[in-house]
Amino acid sequence: MTNTSLFCCIAAVFTARRLAALASFICVALLATGYALQYGWGLQPCPLCVVQRGVLYVLAISFAVTAYWANGQRRLGLVSIWLALVSLVGLGLASRHIWIQKHPELAIPSCFGSLGDMFAELPLLRFAQNLLNGTVECSKIDWTFVGLTIPQWTWLWFLLFTILAGCLPRLQALHRRSVD
């Protein structure tokens, strides 16, 4: 099966709008899972986890807006660039988190308090630097599923969202050709 025929099969089932709506639903499900782990199982998120959640919020809203609003090929192309950029930010954050978990000896002690305290007391640039450096909490592995940690799972989802963002315009074009 060639790439084009695979896209044609997907385009026959999913329009770009439906796929964007599904991606938005997946983002919301991932956020719900994070909150279930936090409030149901008592796992407290580290600063990098909180920032990755923020990226998931932006993606959930962006995919929902795409599902509703992006009906033209040019508009969908612009939105896809935005979705890919946001997904790549999430991918970078998850990569950094995985690296910190692989090298816990390089994580800095959590001496700067909670995320809210950090934001209130530190200038923005220093706040971002401390956040991305990671803490000892970021290096702990509290939960795994099928051998993968939470940052590894989020990395996979961000990778999928990045690929999906790149495929949306092509999928829309194939769907329009199949309808015409």
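**Figure 1. Overall view of the predicted chain.** The chain exposes about 10300 Å², and carbon and sulfur atoms supply 69% of that area. The model is predicted. Buried residues account for 39% of the 180 residues in the chain. The fold contains 8 helices and 2 strands. Read from the N terminus, the elements follow the order α-α-α-α-α-α-α-β-β-α. Of the contacts in the chain between residues at least 6 apart in sequence, 80% link residues at least 24 apart.

**Figure 2. Close-up of the packing of helix 2 with helix 3.** Two packed helices are described by the angle between their axes and the distance between the axes. Here helix 2 spans residues 16–40 and helix 3 spans residues 47–69. Their axes come within 7 Å and cross at roughly 155°. Angles over 145 degrees count as roughly antiparallel, and helix 2 and helix 3 are therefore roughly antiparallel to each other. The crossing of helix 2 past helix 3 is left-handed.

**Figure 3. Residues at the contact of helix 2 with helix 3.** On the side of helix 2, the contact is made by Arg17, Ala20, Ala21, Ala23, Ser24, Cys27, Val28, Leu30, Leu31, Gly34, Tyr35 and Gln38. Helix 3 contributes Arg53, Leu56, Tyr57, Leu59, Ala60, Phe63, Ala64, Thr66, Ala67, Tyr68 and Trp69. By type, the residues of this contact divide into 17 nonpolar, 4 polar and 2 charged.

Figure 4. The relative accessibility of Ser62 is 12%, and buried means under 20%, so Ser62 counts as buried. Leaving aside its neighbours within four places in sequence, Ser62 is in contact with Trp82 and Leu83.

Figure 5. Along the chain, Pro169 and Leu78 are 91 residues apart. In the model, the C-alpha atoms of Pro169 and Leu78 are separated by 9.3 Å.

Technical notes: Residues numbered from 1 in each chain as written. Predicted model: local features only at pLDDT ≥ 70, side-chain atom pairs only at ≥ 80, totals over all residues. Heavy atoms only, no water. Helix = DSSP H or I, 4+ residues; strand = E, 2+ residues; numbered from the N terminus. Buried < 20%, exposed > 50% of the residue type's maximum accessible area, 1.4 Å probe, protein only. Contact = heavy atoms within 4.5 Å. Areas by Shrake-Rupley, 256 points an atom, 1.4 Å probe, with all protein chains shown as cover. Axes fitted to C-alpha atoms, helices over the stretch in contact; angles between N-to-C directions. Parallel < 35°, antiparallel > 145°, perpendicular 65-115°, else oblique. Left-handed = near helix turned anticlockwise from the far one by under 90°. Nonpolar A, V, L, I, M, F, W, Y, C, P; charged D, E, K, R; others polar.
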